[in-house]
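Thanks for coming, everyone. Please have a look at the sequence and the structure, and then we will walk through them together.

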Amino acid sequence: MDGEIVQVKKLPKHMREAQISTERTHLIADPIKKPRQRYVQKDGKCNVHHGNVQETYRYLSDLFTTLVDLRWRFSLFIFTLVYVVNWLFFGLLWYIIALIRGDLWHSDEEGWTPCVENLNSFVSAFLFSIETETTIGYGYRVITEKCPEGIILLLIQAILGSIVNAMMVGCMFVKISQPKNRAETLMFSHKAVISVRDNKLCLMFRVGDLRNSHIVEASIRAKLIRSQQTKEGEFIPLNQTDINIGFDTGDDRLFLVSPLIISHEINEKSPFWELSQAQMDKEEFEIVVILEGMVEATGMTCQARSSYLDKEVLWGWRFTPVLSLEKGFYEVDYNSFHDIYETNTPSCSAKELAATLREGQLLPTLSSLTPEPPKPYTLEPLSTHNPLTKEVDKGEEGERGEINGSAAALEDQPGLD
């Protein structure tokens, strides 16, 4: 029984969470955290629904934005409905004019001048309304000069038709040219990692752009989403805290030509300053990352979002390099974009690590730690060599060997000191 308990305690955390809960495992394993509801989905959609909105008239006050925000099926339905209703309305007015003037009964009489020639039914009035508003002008039905009420109606229809065209065509144009689809080619890594960089714990994630047309003036920011209780006892659900990823140094401004690893240094101003690996496993939080910039082709502002739950932030891992040097260019391997490997990382908090480094009590020091061979997070084995280096030609190695040998021979000769 004791041997089984020790064996279970040595299991990794993700394997312990995957166990089927029994009475025995419940006694020896940590309680499993309930899955946290996402605030922002992985694809950037905000998981928030607005309910009990009573002042719905506010949507009509900004009608253009309301039409743009509608789903495509509703937009197309409203687009068609507006034009058909407009044509029917003015067709009815043309029919009423013809009915009042008596053109429907006297159109065949000689010497009778109708308001609109060859308009003898509601269908013909509807067709004339379409021809007038769309400026088709087949030439069969035409307004005469002895109909002042018809001339006034023609002016009104021309003006209102232009307004309807401008609004509906503009709405469809803005909807088509929205840069939402541009965000589909902006990638975020599936996981965020925590490891040591320059003797400091850092939270890192990777971003990339699949298109050759770049995002201009790209900038990135991050928010920590977690519930908080103040000293006065007030409970703040989903409180938002800024995570500094280079705002003060300008590192948040990106030149996103190749994938970049965004780093947040866990220092005194970081919300993770006092959290160790064990405490991090018990925390419930969500990190929302927002990438903004202008689309180079259209100049419109684009925004891409993603998020990382607490279970998606892995302690003691790094990202696998994806950039390699080829003949005359750099190549990005997006197959390894999400790959990570395990590395030596202290399990203490960043505060404790900084204090230990200041006191000089870290044995062995971080600089003398021998890194373990990369262990891929995925099942496929990952290469441990630096992809930016190339194999040196055997001939060049021979020449270097000769040079090194000559240098060693010169050092052995006496009198050269």
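Which side chain meets Glu 312 in a salt bridge? It is Arg 38, with N to O at 2.3 Å. Keep in mind that this is a predicted model.

Now place the two partners. Glu 312 sits in the loop between β9, residues 301-309, and β10, residues 313-315. Arg 38 sits in the loop between α3, residues 23-28, and α4, residues 57-61.

Buried or exposed, where does Glu 312 fall? The cut-off for buried is under 20% relative accessible area. Glu 312 has 10%, so Glu 312 counts as buried. Arg 38 has 13%, so Arg 38 is buried too.

That is one pair. How many salt bridges does the structure hold? The count is 11. Let me show you two others.

Take Glu 131 and Arg 141. Their side chains meet in a salt bridge at 3.5 Å, N to O.

Next, Lys 200 and Glu 265. Their closest N and O atoms are 3.3 Å apart, and they form a salt bridge. Here the partners lie in strands: Lys 200 in β3, residues 200-209, and Glu 265 in β7, residues 260-265. This pair therefore ties together parts 65 residues apart in sequence.

On to the nonpolar side. In soluble globular proteins, nonpolar side chains tend to be buried together. How many residues does the largest nonpolar core have here? It has 37, and Phe 272 and Ile 287 have the most contacts inside it. Several elements give two or more residues to this core, among them β1 (186-188), β2 (192-197), β8 (286-295) and α11 (350-359). The largest share, 5 residues, comes from β4.

Look around Phe 272. Set aside its neighbours within four places in sequence. Its contacts then include Leu 203, Leu 224, Ile 243 and Met 280. His 264, Ile 266, Phe 285 and Ile 287 are also in contact with Phe 272. A second, separate core has 12 residues, including Phe 90, Ile 97, Leu 119 and Ala 125.

Now a helix pair. The axes of α6, residues 72-101, and α9 come within 11 Å and cross at roughly 175°. Angles over 145 degrees count as roughly antiparallel, and that makes α6 roughly antiparallel to α9.

Last, the whole chain. The secondary structure comes to 12 helices and 14 strands. The chain has 417 residues, and buried residues make up 32% of them. Finally, take the contacts between residues at least 6 apart in sequence. Among these, 67% join residues at least 24 apart.

Methods:
Residues numbered from 1 in each chain as written. Predicted model: local features only at pLDDT ≥ 70, side-chain atom pairs only at ≥ 80, totals over all residues. Heavy atoms only, no water. Salt bridge = Lys/Arg side-chain N within 4 Å of Asp/Glu carboxyl O. Helix = DSSP H or I, 4+ residues; strand = E, 2+ residues; numbered from the N terminus. Buried < 20%, exposed > 50% of the residue type's maximum accessible area, 1.4 Å probe, protein only. Core = buried A, V, L, I, M, F, W, Y, C linked by side-chain atoms within 4.5 Å. Contact = heavy atoms within 4.5 Å. Axes fitted to C-alpha atoms, helices over the stretch in contact; angles between N-to-C directions. Parallel < 35°, antiparallel > 145°, perpendicular 65-115°, else oblique.
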